[in-house]
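Hello,

I am handing over the structure we spoke about. Please have a look at it first; my notes come after it.

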Amino acid sequence: MADTKTPAKRPAKNVWSDEEKAAMAESARERKASSKRTPEEERAAGDAEVRAKIADMPEPDRSMAQRIHELVTTTVPDLVPRTYYGMPAYAKDGKTICFFKAKSKFKERNATFGFEQHARLDDGDMWPVAFNIAELTPRAEQQIAQLVKKAVG
């Protein structure tokens, strides 16, 4: 008779870091709150939430996030500020287009400015969707503005 023993269950590994678990919890809260708002309420609440998240960031993330918020909202005023997994983000038609990930969020070396799948950055078969920001120079600001314009089509 064949051995019908089932393998011993392995102890569950902690797959997600505490920071990742917190980000997922924030995302669920954000979606729930957003579903109850009108577009006007969504813009006002989103802007307030983004500003609050930025205010809670340590330096130099805070200064960089403030400048990126100004840059994105003046470059494409139609984008709606919102939080995305607890990060400042900007959406069009309810879809997240781009976001700022502070280096302190996941204890990384640099901050990141990233784009989601609805961003229209298509360029051939493959293209970058996230950019490390070591320093927010005038040249980096110009690149971000160009990318955001392209992303919204």
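A word on the basis. This is a predicted model: local features need pLDDT of at least 70, side-chain atom pairs count only at pLDDT 80 or more, and totals for chains, interfaces and linings use all residues. Residues are numbered from 1 along each chain as its sequence is written, and side-chain values use heavy atoms, with hydrogens and water left out. Helices (H or I, at least four residues) and strands (E, at least two) are DSSP runs, numbered from the N terminus.

Helix α3 covers residues 61-75, which makes 15 residues. Its expected span is 1.5 Å times one less than its number of residues. That gives 21 Å, and the end C-alpha atoms are 21 Å apart, so the two agree. Several positions are buried (under 20% relative accessible area; exposed is over 50%, partly exposed in between; 1.4 Å probe, protein chains only). In α3 these are D61, M64, A65, I68, H69, L71 and V72.

P60 sits in the loop between α2 (39-56) and α3. Check the peptide bond from E59 to P60: it is cis, with omega at about 5°.

**Two positive phi values**

Y85 is not a glycine, yet its phi is positive, about 55°. Its place is the loop between β1 (80-84) and β2 (87-92). Y85 is partly exposed, because its relative accessible area is 30%.

D93 also is a residue other than glycine with a positive phi, near 55°. D93 lies in the loop between β2 and β3 (95-101). Its relative accessibility is 72%, so D93 counts as exposed.

**The sheet**

Five strands make an open sheet, ordered β1-β2-β3-β4-β5, with antiparallel pairing. The edge strands, β1 and β5 (130-133), each pair on one side only. From one strand to the next, the twist averages 25°. Two strands pair if DSSP finds at least two bridges between them. Between the antiparallel strands β2 and β3 there are four bridges. A91 stands opposite T96 in β3.

**Helix on the sheet**

Which strands does α4 lie across? Helix α4 (residues 138-151) lies across β3, β4 (111-115) and β5. Contact here means heavy atoms within 4.5 Å. The helix runs at about 20° to β4. Axes are lines fitted to C-alpha atoms, for helices over the stretch in contact, and angles run from 0 to 180 degrees between N-to-C directions.

Best regards
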